[in-house]
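Student: I have a protein model open on my screen and would like to learn how to read it. Could you go through it with me?

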Amino acid sequence: MAVFASNLMSLAISFLLLILISPSKAVLNNAHYYDQTCPQAEKIIFETVRNASMHDPKVPARILGMFFHDCFIRSGEPSWNVLTGRKDGRVSKANDTINLPAPTFNAMQLIQSFAKRGLGVKDLVALSGGHNLGFSHCSSFEARLQNFSSVHDIDPSMNTRFAGNLKRKCPKPNKDHSAGEFLDSTPSTFDNDYYKRDIEGKGISGSYHALLGDYRSRWIKVCSSEN
């Protein structure tokens with residue numbers, strides 16, 4: 001937990017440093033550059049992100065999601081050094097999002113998508129655990145609540161009471177564009193509650209819930225819920 005918090009904060013610091021530096025210095029590619037030029041930079045940014053997280057529990061998840069989206073499209077490796085002043089994170093193109101796993105992907109599609117980046121099934125299940133932080137808007141999961149199939153109006157893999165509560169929060173038509181649900185019951189704590197709730201049919205993401213239906217990923221997800 002402490003290691004994750006430290007890594008997440010480091011990612012946030014690197015991102016904010018990109019915003020703070022001038023365009024003329026954007027060519028810098030040194031992880032320790034600011035140790036000399038602005039030794040208080042990381043402390044200032046650390047406190048800023050921490051304070052923002054205390055006031056809004058969605059902040060850590062947004063940072064984590066932003067970093068995953070950036071790296072899934074552009075870094076190509078399961079691990080890398082985060083450098084300050086780098087240019088590769090300054091590109092944002094809507095068309096690039098087609099390379100991200102879609103929320104409607106089934107288990108096979110998810111496994112294939114991650115395999116293209118050199119990531120295995122264990123990596124996939126582990127990264128799906130990032131959904132234990134944050135919030136999901138109705139548009140991301142409403143397909144599981146309305147006209148799911150020709151036989152079922154609601155996704156039958158969902159807990160009935162849980163699905164009913166979601167349906168009340170996300171009516172059709174939904175005029176509240178900010179409506180949605182936290183991804184697990186401890187949205188500001190990095191734990192394995194996401195895995196436990198998903199096995200109970202209380203997961204939000206239909207795509208990552210599909211991992212329970214594939215023998216290659218189910219056992220990993222079940223083990224993750226028990227630790």
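Tutor: Let's take it by question and answer, remembering that this is a predicted model.

Student: How far apart are the side chains of Thr-186 and Asp-191 in their polar contact?

Tutor: Both residues sit in the loop between strand 2 and helix 8. Setting aside residues up to four places away in sequence, Thr-186 touches Asn-132, Asp-191 and Asp-193, while Asp-191 is in contact with Asn-132, Asp-184 and Thr-186. The polar contact between the side chains of Thr-186 and Asp-191 is 2.7 Å.

Student: Is Asp-191 buried, partly exposed or exposed?

Tutor: Buried means under 20% relative accessible area and exposed means over 50%. Asp-191 has a relative accessible area of 26%, so it falls in between. The class of Asp-191 is therefore partly exposed.

Student: UniProt's "binding site" also covers His-131. Which residues does His-131 touch, not counting those up to four places away in sequence?

Tutor: His-131 lies in the loop between helix 6 and strand 1. With a relative accessible area of 23%, His-131 is partly exposed. Beyond its sequence neighbours up to four places away, His-131 touches Leu-183, Tyr-194 and Tyr-208.

Student: Let's look at helix 6 itself. Why are its buried residues on the same side?

Tutor: The buried residues of helix 6 (residues 121-128) are Leu-124, Val-125 and Ser-128. Residues three or four places apart in an α-helix point the same way, because there are 3.6 residues a turn. What covers the buried residues of helix 6 includes helix 5 (107-115), helix 8, helix 9 (206-209) and helix 10 (215-226).

Student: What kind of aromatic pair do Phe-135 and Phe-182 form?

Tutor: A search of the whole structure finds two aromatic pairs, and this is one of them. Phe-135 lies in strand 1 (residues 135-137) and Phe-182 in strand 2, so the pair ties together parts that are 47 residues apart in sequence. The ring centres of Phe-135 and Phe-182 are 5.3 Å apart and their planes are at 80°; planes over 60 degrees apart count as edge-to-face. The pair is therefore edge-to-face.

Student: What separates the C-alpha atoms of Phe-105 and Tyr-208?

Tutor: Phe-105 is found in the loop between helix 4 (59-74) and helix 5. Leaving aside neighbours within four places in sequence, Phe-105 is in contact with Leu-110, Ser-113 and Ser-207. Phe-105 and Tyr-208 are 103 residues apart along the chain, and their C-alpha atoms are separated by 8.2 Å.

Student: One last one! Which residue's backbone oxygen does the side chain of Arg-144 reach?

Tutor: Arg-144 lies in the loop between strand 1 and helix 7 (160-169). At 6% relative accessibility, Arg-144 counts as buried. Leaving aside neighbours within four places in sequence, its contacts include Asp-153, Met-158, Gly-203 and His-209. At 3.0 Å, the side chain of Arg-144 reaches the backbone oxygen of Ile-204.

Notes. Residues are numbered from 1 along each chain as its sequence is written. This is a predicted model: local features need pLDDT of at least 70, side-chain atom pairs count only at pLDDT 80 or more; totals for chains, interfaces and linings use all residues. Side-chain values use heavy atoms; hydrogens and water are left out. Helices (H or I, at least four residues) and strands (E, at least two) are DSSP runs, numbered from the N terminus. Contact means heavy atoms within 4.5 Å. A polar contact is a pair of N or O atoms within 3.5 Å; within protein, one must be able to donate a hydrogen and the other to accept it, and residues adjacent in sequence count only if both atoms are side-chain atoms. Buried means under 20% relative accessible area, exposed over 50%, partly exposed in between (1.4 Å probe, protein chains only). Rings of Phe, Tyr and Trp (its six-membered ring) pair if their centres lie within 6.5 Å; planes under 30 degrees apart count as stacked, over 60 as edge-to-face and the rest as tilted. UniProt positions are given in the numbering used here, feature names are shortened, and annotations may be inferred rather than shown by experiment.
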